[in-house]
Structure formats: structure tokens, C-alpha cells
Amino acid sequence: METTDRMKPLFVLPCSATKAPELIEGVLMPARDAYAGQAFRMARDQLERSQAKWCILSARYGFLWPTTPIERYDDLMPARIDPADWEPFEAITARQYGKLRSAGRIVVLGSRRYAAAAAALLGRPVEAPFSGLPIGEMLKAIKAGNWLATV
């Protein structure tokens, strides 16, 4: 059975606190290269190999496409998100926003905090297969790649 584009998930990777050493304040780098956390890199590499659609949820910039240029920052995702207090879509184009909003399924590959933030910002339920897992278990699950079965 072939999966239609509407049923294919759009994966959302959380940003990582660890940034590429080349990323310094005032210097721009594509978001896909700026984040250097182990979970981010592992998931990014698998998503790119599978040619899945994906974006990033950044604590500073909101939703980003992988090629969006960003500079260094050290913000953390707030425990509670109020969409009225934050513009999470300013770093993406209208076309990218349309793709984000029209995705049939949104799969957040991160913690409960990022899954809750994505759901609140998008105003819809999201899937979160790694929510609640300790980082070691999350890394094992990412490496196993079972979550890619729906691509």
C-alpha cells in the first residue's frame, strides 16, 4: 500500500543546546549544520538518508527549515508555551508555513517539552514517539530507526 504525501509525516527535530564550534554570534550557518547535539545529528542523518520531510523547532527562532541560516544563541525552550507571547513562524516563508500547517501528521522527535510546544504552537495533536524517554533510551531508539517506517 503506497503512502500518499498527505499521510507522510513531517518530522520535527528539537534544537540542541550543543552548537557547532564554527557557529559564533553574528555568523550565520544553515540550521541543519548549526546544531551539534548527538540526538539531533543522529536523527538528522537518518531523516536525510530516507529523504523524509523535516524541520526544526528552535527555542530562539521557532520553526525552521534545515537550510534556514541562524546565528548562535543559548535560549532554552520554556516549560510552557503561550503562542500569543512568541512568534514561532517568523523564520519561515509563507510557503514553508503552509507545508508545516498542511502536513497530515506531525512527528516530534524529542522530549515532552518539545512535543507540547509543537502541539500548542500548531494548535493540533502531534505524535511524539520519544516523549518521556531518558536520553540514553532516546539515542537507542533513534539509532534503531523504527520510527522511520512510516516515511
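Mentor: Welcome! In this predicted model, strand β1 runs parallel to strand β6 (residues 105-108), and 4 bridges join them.

Trainee: What makes β1 and β6 count as paired strands?

Mentor: Pairing needs at least two bridges. β1 and β6 have 4 bridges, so they qualify. As an example, P9 has R105 as its bridge partner in β6.

Trainee: Which strand does β1 pair with through 5 bridges?

Mentor: That is β3 (residues 53-58), which also runs parallel to β1. There, V12 stands opposite C55.

Trainee: Why is β1 called largely enclosed?

Mentor: Because 6 of its 6 residues are buried, β1 is largely enclosed by the rest of the structure. P9, F11 and L13 point one way, while L10, V12 and P14 point the other way, and all are buried. In a regular strand, side chains alternate between the two faces of the sheet.

Trainee: Let's turn to S16. Where does S16 lie?

Mentor: You will find S16 in the loop between β1 (9-14) and β2 (29-30).

Trainee: Why is S16 called buried?

Mentor: Buried means under 20% relative accessible area. S16 has 10%, so it is buried.

Trainee: How do you know that the side chain of S16 makes a polar contact with T18?

Mentor: The cut-off for such a pair of N or O atoms is 3.5 Å. A polar atom of the S16 side chain lies 2.7 Å from the backbone oxygen of T18, so the distance is within the cut-off. The S16 side chain also reaches the backbone nitrogen of A36, at 3.4 Å.

Trainee: Which residues does S16 touch beyond four places away in sequence?

Mentor: S16 touches Y35, A36, G37 and F40.

Conventions
Residues numbered from 1 in each chain as written. Predicted model: local features only at pLDDT ≥ 70, side-chain atom pairs only at ≥ 80, totals over all residues. Heavy atoms only, no water. Helix = DSSP H or I, 4+ residues; strand = E, 2+ residues; numbered from the N terminus. Buried < 20%, exposed > 50% of the residue type's maximum accessible area, 1.4 Å probe, protein only. Polar contact = N/O pair within 3.5 Å; in protein donor to acceptor, adjacent residues only side chain to side chain. Contact = heavy atoms within 4.5 Å.
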